[in-house]
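Work through the exercises below with the model in view, trying each task before reading its solution.

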Amino acid sequence: MVVEADGGSRGNPGPAGYGAVVRDATTGEVLTERSEAIGTATNNVAEYRGLIAGLTAAAELGATRVEARMDSKLVVEQMSGRWQIKNPGLRPLAAEAAVLVRRFAAVTFTWIPRERNRHADALANAAMDAAAGRGPSGPTVTAPRIVEPPREVAAPDSPARAAARDAAARAAGKATAGAGADPATAPASWEPRGTSEATRLILVRHGQTEWTAQRRYSGRGDVPLSERGRDQARATAARVAALAPTVAAVVSSPLSRCTATARPIAAALGKVPLRTSDDLVECDFGAWEGRTFAEVREEWPGELDAWLASTAVAPPDGESFADVTVRVRRALDGLLAAYPGETVVVVSHVSPIKILLRDALAAGDAFLHRLYLDPAGVSVLDVWADGGVAVRSVNDTAHLG
């Protein structure tokens, strides 16, 4: 679905209101409208309120993927994680919007010129008139004034409404099979499965680096293993060889801290092929690269709260966990297609491995911030062709002493 949202005030701050329109992404048909006078507020507060109302309406209609369009550059850039949220009054609103974003499989934010946002603008202006005492007060779902040629709100039996109901049913848990399906909707069964039918993934986090020891965000920077990290890599190689004497391949992130961990493993397994995959690289932490959590909290408090609240929010100039998820799932699909029923060692970073484990366990996004993975820790999961998954171990570090 598409959400178009706007907000404004007469005076900034002054009598304020917002408007939001939810459309079918294919036909452009209007599914619902929301607007409300919110008393005295600033333009930016009203714009955030419009976004929140639009996302809420889309969620109620059962949307799974949303494109949010606004003519507010500030809101679009802040929700995309590219701009800092310096105004303390906007941070709670951004956090509320980020929580809503988590209800969808994917949300993108797009800036559009004001003339392309005339429907939401008309709703917002009517709400501002109400806030100033020149019109009806309170929420409304019909725009008193439409600047662009009006579109009918979809009838209950319209194709767009039917599509929305289908999306809501899928979101409620209609099962889909296959390795590429949403893990939360994969078929669940206590029926025993033979391990010979599964593709076994041995997930290895790279060994320690200097930044790992200092607890610094380490994303795309090519930080090498420390001396302890190299010792860990050798110990992990022996552990993996004991777990799986026969391995089809070792597949690694291309960053040196991973390849330096992967090479001893491949050698210990009898020089099995060592390949790299760009999709297994760590999340791009952008402006937070090399910083500690405390340093980020000090300099980017609002952005950090929004990032912790939603996988759709990226660090400034960085990459969201939602984007990482797309490429990690693509990597998984490739491994399952290339090595069906075989064992593969995957050497990667904290974020990709957490995402694989989150999906395997059908866990919520909070899992990503609650699971701890040690350097050189080993996790094992089996994946069957019908979508079945068994997590056999998580963060095994017995080999590290």
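**Exercise 1.** Locate E282 in the chain and decide whether E282 is buried or exposed.

*Solution.* Begin with the sequence position: E282 sits in the loop between β8 (274-276) and α9 (293-299), where helices (H or I, at least four residues) and strands (E, at least two) are DSSP runs numbered from the N terminus. Next take the relative accessible area, which is 5%, so E282 is buried (under 20%; exposed is over 50%, partly exposed in between, with a 1.4 Å probe and protein chains only). This is a predicted model, in which local features need pLDDT of at least 70, side-chain atom pairs count only at pLDDT 80 or more, and totals for chains, interfaces and linings use all residues. Residues are numbered from 1 along each chain as its sequence is written, and side-chain values use heavy atoms, with hydrogens and water left out.

**Exercise 2.** Find where H206 lies and which side chain is joined to that of H206 by a polar contact of 3.4 Å.

*Solution.* H206 belongs to the loop between β6 (199-205) and α6, and with a relative accessible area of 4% H206 is buried. The partner in the polar contact is R257 (a pair of N or O atoms within 3.5 Å; within protein, one must be able to donate a hydrogen and the other to accept it, and residues adjacent in sequence count only if both atoms are side-chain atoms).

**Exercise 3.** Explain why H206 and E282 can be said to gather at one spot.

*Solution.* First, UniProt, in an unreviewed entry, places the feature "active site" at H206 and E282, although such annotations may be inferred rather than shown by experiment. These residues span 77 residues in sequence, yet no two of their C-alpha atoms are more than 10.9 Å apart, so they gather at one spot.
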